[in-house]
Amino acid sequence: MNEGVEWAVHSCLNLAWLGEDRAVPAAKLAAFYELPAAYLNKQLQALARAGIVTSTSGPRGGFRLARPPEKITLMDVVAAIEGPDEAFRCTEIRHRGGSGSGSRSETPCAVHTSMRKAELAWRRELASQSIADIAATVDDHSPAAAERVRRWFGDTRT
């Protein structure tokens, strides 16, 4: 998984704390974590194509969540950034060279079966957690975090 997923989740979390009536430019979201604005903008555009955020152009433009944080799962964000493809791709090497002498087996590949089972569990777990859940967890461990984000975005110019 590339770092863009982490950046996208944190950006969604900040947008959730800032509220639906506030659009934030990509440069400002990037500045908060000292990230390259052009690269974060690509992640935000992927989120926009997936319907997770909306973008507004103009002097008061920027990004905001397209739906409530409880309706955006971590799996939504991962799929938007990484794409829907399976993480593991079985190429059936068990049928090559000395391991299989070219013969085809009708039994499923045990490696592929195990990897698929693990990925499905991972995807289910990500789908069970929303941006709102993450915000609540952060709030439990660091109650001042949301206010710190709101204050920084309100007081900072880009």
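Let me start with a definition: on a 1 Å grid over the protein atoms alone, a pocket is an open set of points where a 1.4 Å probe fits, with protein on both sides within 12 Å along at least five of seven lines, and its lining residues have an atom within 4 Å of a point. Volumes are the space filled by probe spheres set on the points, which are joined across faces, edges and corners.

Hello everyone. What we have here is a predicted model, where local features need pLDDT of at least 70, side-chain atom pairs count only at pLDDT 80 or more, and totals for chains, interfaces and linings use all residues. Numbering runs from 1 along each chain as its sequence is written, and side-chain values use heavy atoms, with hydrogens and water left out.

So, which residues line the largest pocket? They are Asp21, Arg22, Ala23, Val24, Pro25, Lys28, Pro59, Arg60, Gly61 and Arg64. The volume of this largest pocket is about 250 Å³. Its lining has five charged, four nonpolar and one polar residues; here Asp, Glu, Lys and Arg count as charged, Ala, Val, Leu, Ile, Met, Phe, Trp, Tyr, Cys and Pro as nonpolar, and the others, Gly among them, as polar.

Now to the strands. S1 (residues 53–56) and S2 (residues 62–65) pair in the antiparallel sense over four bridges. Strands are DSSP runs of E, at least two residues, and helices are runs of H or I, at least four, numbered from the N terminus; strands pair if DSSP finds at least two bridges between them. Threonine 56 has glycine 62 in S2 as its bridge partner. Five residues sit between the strands of this hairpin, where glycine 58 takes a positive phi near 110 degrees.

On to the second largest pocket, at about 160 Å³. Its lining includes Met1, Val78, Glu82, Trp122 and Arg123. Helix H4 (74–82) and H6 are the elements giving two or more residues to that lining, and H6 gives the most, with three.

How do those two helices meet? The axes of H4 and H6, lines fitted to C-alpha atoms over the stretch in contact, come within 6 Å and cross at roughly 115 degrees, on a scale from 0 to 180 degrees between N-to-C directions. Leu74, Met75 and Val78 in H4 meet Trp122, Arg123, Leu126 and Ala127 in H6, contact being heavy atoms within 4.5 Å. By class, that contact has six nonpolar, no polar and one charged residues.

Last stop: threonine 107, in the loop between helix H5 (97–100) and helix H6 (110–127).
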